[in-house]
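Please view the structure alongside the text.

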Number of protein chains: 2
Amino acid sequence: MPFRKVPALTVSRLSVYHRALSTLPDEWIISSEEISDLTGYTAAQIRRDLTYFGQFGTPGRGYIVAELRQRIGHILGIDQDWKVALVGIGHLGSALLAYQGFCERGFNIVAAFDNDITKIGKKWEGIVIEDISRLAESAVEKDIQMGILAVPAKAAREAFDLAVAAGIKAILNFAPVRLTPPEGIQLINVDLAAEMERLSFFLARSRS
Amino acid sequence: MPFRKVPALTVSRLSVYHRALSTLPDEWIISSEEISDLTGYTAAQIRRDLTYFGQFGTPGRGYIVAELRQRIGHILGIDQDWKVALVGIGHLGSALLAYQGFCERGFNIVAAFDNDITKIGKKWEGIVIEDISRLAESAVEKDIQMGILAVPAKAAREAFDLAVAAGIKAILNFAPVRLTPPEGIQLINVDLAAEMERLSFFLARSRS
DNA sequence: CGCTGTGAAATCCTTCACAGCC
DNA sequence: GGCTGTGAAGGATTTCACAGCG
């Protein structure tokens, strides 16, 4: 139930602001100009992004680091921990399991699923891999709120449907397929091949 | 030297169109409406995206699949193979090394670098890991055009500078740090924690 | 005086709607 | 008749510029 319409990119930038603020002492006071230097976004952009969520600073002074950081954290929902299910324990999946960056920011992978019988029951990074058919059951049991799909393209649709059926409402998908989320489900796609293709587009262009 | 200004998102969508076309027989003729069904983008959007690059179809008929696919592939620069250096062979790096999706789309990781002495000289996925100090030398030797940075945040700036010094002009960065590319260098950031935070933003909002 | 917060302008991107060709 | 390619309209996002407060 969003109170105000927030541009999609604003949210990504909030993450960047938050990380920049994490490097600074709590009691410092910082201006939008200084955040600009730290993040590369313009000062006007930063101030505008913040207006979607209320008032944050003191005119003539700036923003108190601790307060701004805390409030952005609250907006992003990272002042709490989230429980995440990882589906697909191939190369990418196991890398994500081991990736400390998620844990640091409050995303705890508490369950892992695969359909490969040779993997099920094995322990990776302290987590026992379960059969994907147990997703719904396990998700409820463990109170899981988010899912990461790191399965092959062919399996993505089915994994997605299982996750939705399991009551998971926020899903990060690495498979290069189009999934159509039902109402109320947040789906974010990370398409690595497409990112590489943006690079090759650039190279191909600058050559001609 | 872009001939026309192309919106950033248009390029990502071209990747999607190309992949959709890859599933269809060469000789089929397809309308923008049908591509829309396949990709989820509107027909008008698809036609508009194509106008940035010239004429592609036949009014009253549609697009010849093979021709459209080939021409989009050429625009994206994926009608040729690219040689890629991977920097940072941690969890994510080794997953990317093993990831077949890149190879399939013409991105060949031909060299891998790390600064961990225990990894250097070892072979992963058929590639011998080299000392990062050899990046410039090796990049020239192997005619490498792209780089992927999968290093920790602290090491990202240095790895980036080394890659640029090695003449690499297109870089995909997974480290959550701001890098400022010099003129003529294409930098794309993939920020996984920020993507997760977009999800938690959504969950936190829909709760209140 | 310095800096935030924000109307208003400018820019960028998407959608509409249809002329023109097959 | 059907569908592309594209001006023009519409919408969204970013930037400008400054009122107003500390």
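## Surface around DNA strand C

In this predicted model, an N or O atom in the side chain of Arg48(A) is 2.7 Å from a base oxygen of DNA strand C. The elements giving two or more residues to the surface near DNA strand C are helix H3 (43-51) of chain A, and H1 and helix H3 (43-51) of chain B.

There are 25 residues around DNA strand C, and those that come nearest are Ser32(A), Arg47(A), Arg48(A), Phe56(A) and Gly57(A). By residue class, the surface near DNA strand C consists of 7 nonpolar, 11 polar and 7 charged residues. On the DNA side, sugar or phosphate makes up 60% of the atoms of DNA strand C within 4 Å of the protein, and bases make up the rest.

## Surface around DNA strand D

Around DNA strand D there are 25 residues, of which Ser32(B), Arg47(B), Arg48(B), Phe56(B) and Gly57(B) come nearest. Of the atoms of DNA strand D that come within 4 Å of the protein, 61% belong to sugar and phosphate. The residues of this surface divide into 7 nonpolar, 11 polar and 7 charged.

Bases of DNA strand D are approached from both chains: an N or O atom in the side chain of Arg47(B) is 2.8 Å from a base nitrogen, and a polar side-chain atom of Arg47(A) lies 3.3 Å from a base nitrogen. For Gln45(A), a polar side-chain atom lies 3.4 Å from a phosphate oxygen of DNA strand D.

## A buried threonine in chain B

Thr10(B) is part of helix H1 (residues 8-22) of chain B. Thr10(B) counts as buried because its relative accessibility is 0%, under the 20% limit. Its side chain forms a polar contact of 2.8 Å with the side chain of Asp49(B). Leaving aside residues up to four places away in sequence, Thr10(B) touches Asp49(B), Tyr52(B) and Phe53(B).

## Cysteines

Over all chains, the count of disulfides is 0. Cys103(A) has a relative accessible area of 40% and is therefore partly exposed. Cys103(B) likewise counts as partly exposed, at 42% relative accessibility.

Conventions: Residues numbered from 1 in each chain as written. Chains lettered and ligands numbered in written order. Predicted model: local features only at pLDDT ≥ 70, side-chain atom pairs only at ≥ 80, totals over all residues. Heavy atoms only, no water. Helix = DSSP H or I, 4+ residues; strand = E, 2+ residues; numbered from the N terminus. Buried < 20%, exposed > 50% of the residue type's maximum accessible area, 1.4 Å probe, protein only. Polar contact = N/O pair within 3.5 Å; in protein donor to acceptor, adjacent residues only side chain to side chain. Contact = heavy atoms within 4.5 Å. Disulfide = S-S within 2.5 Å. Near = heavy atom within 4 Å. Nonpolar A, V, L, I, M, F, W, Y, C, P; charged D, E, K, R; others polar.
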